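Q: I have just opened this entry and would like a guided tour. Could we go through it step by step?

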Amino acid sequence: MAKAFASAGDMEEKTVSFTEVGDGLYAFTAEGDPNTGVIIGDESVMIVEAQATPRLARKVIECVRSVTDKPISHLVMTHYHAVRVLGASAYGAPEVIMSDVTRSMVAERGQEDWDSEFERFPRLFQGHEEIPGLTWPTTTFSDGMSVYLGKRRVDIMHLGRAHTAGDAVIWVPDQEVMFTGDIVEYHSACYCGDGHFADWPETLAAIASFEPKSIAPGRGDALVGEQKVAEAIANTADFVASTYKPAAKVVARGGTLKEAWDAVRAECDPKFKDYAIYEHCLPFNVARAYDEAQGIDTPRVWTAARDKEMWAALQG
Ligand SMILES: [Zn+2]
């Protein structure tokens with residue numbers, strides 16, 4: 001039987017964990033599904049990543065209410081992907097913060113991404129009827145901004161391109177804890193279909209230079225302690241390089257996309273086969289690596305139709 005498209009075959013409910021990653025800081029994780037971060041200030045709460053739907057966002061809110069009854073005042077999106085942003089309406093009407101590059105990507109490709117991710121992740125989009133439309137920011141920044149939740153300062157920064165061109169990280173200086181979005185993953189494949197392979201390692205190095213005590217990654221378990229943080233950053237760097245280098249070699253000798261696919265698999269399968277969403281990500285990752293190695297700087301927009309074509313060509 002043909003392999004089910006993307007994550008269409010993954011309909012089993014995941015177990016949620018709500019892990020303290022610092023004083024008043026939590027990571028909502030679910031076995032490799034998209035994570036959400038929670039930052040509790042003196043008077044109010046900041047949420048990092050909204051989840052795919054209001055239904056999933058309400059699971060986050062339930063966890064938040066188990067630790068605080070302060071109102072949710074801010075919602076930060078690390079990037080534009082549908083599984084991160086479309087649950088925003090469940091949080092009421094907080095301030096919604098994105099980088100200005102991310103806002104421009106919502107305008108340019110947000111609808112296409114919604115249509116594409118809807119078919120890639122049917123389980124995450126259960127209850128999609130409630131989504132009122134694309135999520136737009138109320139506030140944007142270019143390099144960085146600080147938000148004061150009472151006395152607690154939160155720094156929101158664009159450290160460089162990686163998972164997308166507009167990636168933001170969220171840094172809580174009083175605890176030295178970072179929320180990295182999909183720039184860092186833990187035992188989950190990195191989705192590189194909209195990525196910038198050549199920039200990603202430098203952005204990871206910029207994250208490491210903060211010497212975070214804990215990280216809430218984009219997918220996978222919360223990383224508590226410097227050892228776990230270092231391990232996840234190293235694994236992520238290895239994943240990105242192990243995808244890009246074999247593909248770039250094939251491009252350099254004028255090889256085909258299918259040859260790049262075989263070369264990336266030979267490098268990545270032995271190391272990352274067991275990572276969450278590995279088979280899902282692979283065709284999109286190879287397609288983007290092949291493009292970037294040919295000098296295409298701006299990732300081509302994925303549409304539901306292009307998704308299926310690429311899947312048939314590589315995973316079919
Ligand atoms: Zn993403």
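This is a predicted model: local features need pLDDT of at least 70, side-chain atom pairs count only at pLDDT 80 or more; totals for chains, interfaces and linings use all residues.

Q: Understood. Starting with the open sheet of 7 strands, what order do the strands take?
A: The order is β1-β2-β3-β4-β5-β6-β7, and the pairing is mixed. At the edges are β1 (17-22) and β7 (139-141), each of which pairs on one side only. From one strand to the next, the twist averages 20°.

Q: How do β1 and β2 pair, parallel or antiparallel?
A: β1 and strand β2 (residues 25-30) are antiparallel and are joined over 5 bridges. Gly22 has Leu25 in β2 opposite. The hairpin of β1 and β2 has 2 residues between the strands, and Gly24 in this hairpin takes a positive phi near 70°.

Q: And β5 with β6, how many bridges there?
A: Strand β5 (residues 72-76) and strand β6 (residues 95-99) share 3 bridges and run parallel. Here Val76 is found opposite Ile97 in β6. Helix α3 (residues 100-120) packs on this sheet and touches β6 and β7, with a direction at about 95° to that of β6.

Q: Which residue is the bridge partner of Met178 in β12?
A: The partner of Met178 is Ile215. Strand β11 (residues 177-181) and strand β12 (residues 214-217) are paired in the parallel sense over 4 bridges.

Q: On to the helices. At what angle do α4 and α5 cross?
A: Helix α4 (residues 200-208) and helix α5 (residues 226-252) cross at roughly 175°, and their axes come within 10 Å. α4 is therefore roughly antiparallel to α5.

Q: Which residues of α4 and α5 meet?
A: On the α4 side they are Trp200, Leu204, Ile207 and Ala208, and on the α5 side Ile233, Thr236, Ala237 and Val240. This contact of α4 with α5 consists of 7 nonpolar residues, 1 polar and no charged.

Q: What about α7 and α8, at what angle do they pack?
A: Helix α7 (residues 278-293) packs with helix α8 (residues 304-314) at about 95°, and the axes are 10 Å apart. The two helices, α7 and α8, are therefore roughly perpendicular to each other.

Q: How many charged residues are in the contact of α7 with α8?
A: There are 4 charged residues, together with 6 nonpolar and 1 polar. From α7 come Glu279, His280, Pro283, Phe284, Ala287 and Asp291, which meet Arg306, Asp307, Met310, Trp311 and Leu314 in α8.

Technical notes
Residues are numbered from 1 along each chain as its sequence is written. Side-chain values use heavy atoms; hydrogens and water are left out. Axes are lines fitted to C-alpha atoms, for helices over the stretch in contact, and angles run from 0 to 180 degrees between N-to-C directions. Angles under 35 degrees count as roughly parallel, over 145 as roughly antiparallel, 65 to 115 as roughly perpendicular and the rest as oblique. Contact means heavy atoms within 4.5 Å. Ala, Val, Leu, Ile, Met, Phe, Trp, Tyr, Cys and Pro count as nonpolar, Asp, Glu, Lys and Arg as charged, and the others, Gly among them, as polar. Two strands pair if DSSP finds at least two bridges between them.
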